[in-house]
Amino acid sequence: MTDAALVGRILRGYRLERTGPAGVLRVYGSVSSARVGFLITQPGGAGVMVRAFRSDEPLPAYLQGCGTASVTDWLCDRAAVLEWLASRGYPAPRTVPTRTGEPVGVAGIWLTWATTYVAGAPLAPGDGGLDLLGEALARLHALGSPDMAVGSSWYPGAAIEAALRRLAAVESLLPADWRPMHAEFRGALRALRQADLPMSVVHGDAWAENVIRTGPTQVTLIDWENAGPGLAVTDLGHSLLECHLDPGLPADQPAAWHIQPDPDLIAGLLTGYVRLRRLNSAERELLLPGIRFAAAFIGAVHFEQALIDGVRGAGMDARLACLRNRLEVSQAVAELALRHLGEPPSRYAEPGSPVAEARAHNSGLRADEERPGLRP
């Protein structure tokens with residue numbers, strides 16, 4: 001099937017026939033690969049982002065943290081998460097149903113998932129605004145955890161167990177200089193597995209490229225492929241590292257993706273976060289494993305690819321170097337973060353206190369492509 005043929009089926013399947021060829025932009029991938037994405041701009045100006053996945057290919061390993069390798073199940077879970085967020089009034093892209101009202105479309109061997117397009121520029125951390133990202137993330141975590149039928153279990157169970165299995169499978173094959181990373185990955189995963197931590201819906205990849213400024217004091221998170229029920233501390237921990245990165249970094253310069261802890265950027269993110277949510281004592285104690293979780297999960301995938309599947313070369317070296325960087329700076333990032341997190345919330349906050357006001361705000365809310373090291 002050609003790009004044109006697939007686009008034709010998509011336009012018919014989503015009642016977008018009035019869109020001409022000029023209104024279709026391929027954003028990533030191609031029909032010769034396992035996935036492809038199109039931005040479709042309708043005559044009225046509204047955009048629809050359509051992601052297409054081959055149904056006869058397994059889900060990429062880095063997306064299997066939800067516990068399924070089925071593309072169909074994974075797409076239905078992603079749509080369910082966005083539907084749940086819409087029911088809570090949380091700002092995020094909305095799933096666009098097919099002509100027949102289904103959340104996932106079928107175009108031959110391709111499965112499609114369409115969402116509204118959020119227009120605007122990505123957040124640039126150096127220009128300020130990280131407090132808006134922190135606030136958006138806290139608002140998400142304050143929504144609580146949905147019924148586990150809404151999206152598969154992402155971080156708490158399936159992802160941790162899958163990563164630990166991968167690490168166990170490669171242990172006897174490890175080169176000596178990989179063993180420290182392996183031990184730190186396993187230590188972080190085991191600490192999180194044994195802990196009793198608050199559940200919430202998590203975004204999974206909240207960094208500048210996935211944060212769109214939609215107003216002077218408002219941002220919207222996009223790219224919810226890693227979202228689902230999970231641990232808030234891992235979601236915040238990932239952002240504490242990745243908040244150091246600007247959007248649009250060159251993919252052919254892996255060193256540009258390495259970070260040095262910046263107190264101002266960390267303070268900016270957490271200034272917004274603590275407006276609406278405070279970490280409890282258990283989360284504070286496990287902040288370091290939370291910060292290391294994303295590196296541990298994807299690191300286990302990379303170790304498996306390198307040592308069992310035989311993937312070698314500059315690309316793999318760059319991924320491992322990026323993961324090593326994340327581990328090296330994680331302790332400093334955790335220490336800087338703890339300075340700005342404040343005290344854990346008291347069980348009974350005084351009426352009118354910042355904690356009580358945040359809880360009241362949160363209860364009102366209830367009523368109402370590839371990076372080195374973090375992609376295979």
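R277 is buried, with a relative accessible area of 14%; here buried means under 20% relative accessible area, exposed over 50% and partly exposed in between, using a 1.4 Å probe and protein chains only. Before going on, note that this is a predicted model, where local features need pLDDT of at least 70, side-chain atom pairs count only at pLDDT 80 or more, and totals for chains, interfaces and linings use all residues. Residues are numbered from 1 along each chain as its sequence is written, and side-chain values use heavy atoms, leaving out hydrogens and water.

**Around R277**

R277 sits in the loop between α7 (263–276) and α8 (281–285). Helices (H or I, at least four residues) and strands (E, at least two) are DSSP runs, numbered from the N terminus. The R277 side chain makes a polar contact of 2.8 Å with the side chain of Y273, and another of 2.8 Å with that of E283. A polar contact is a pair of N or O atoms within 3.5 Å; within protein, one must be able to donate a hydrogen and the other to accept it, and residues adjacent in sequence count only if both atoms are side-chain atoms. Setting aside neighbours within four places in sequence, R277 is in contact (heavy atoms within 4.5 Å) with A138, H141, A142, P198, A232 and E283.

Now to the strands. β6 (residues 110–116) is mostly covered, with six of its seven residues buried. Its pairings are listed below; two strands pair if DSSP finds at least two bridges between them.

| Partner of β6 | Bridges and sense | Residues standing opposite |
|---|---|---|
| β3 (residues 47–54) | seven bridges, antiparallel | R51 and W113 |
| β4 (residues 95–96) | two bridges, antiparallel | T95 and T115 |
| β5 (residues 105–107) | three bridges, antiparallel | G105 and T112 |

β5 and β6 also form a hairpin with two residues between them, and G108 in the turn has a positive phi of about 65 degrees.

**Where α5 meets α10**

Helix α5 (residues 179–194) packs against helix α10 (residues 314–338) at an angle of about 60 degrees, with the axes 11 Å apart. The contact is made by M181, E184 and F185 of α5 and by L320, L323, R324 and L327 of α10. Axes are lines fitted to C-alpha atoms, for helices over the stretch in contact, and angles run from 0 to 180 degrees between N-to-C directions. The two helices, α5 and α10, are therefore oblique to each other: under 35 degrees counts as roughly parallel, over 145 as roughly antiparallel, 65 to 115 as roughly perpendicular and the rest as oblique.
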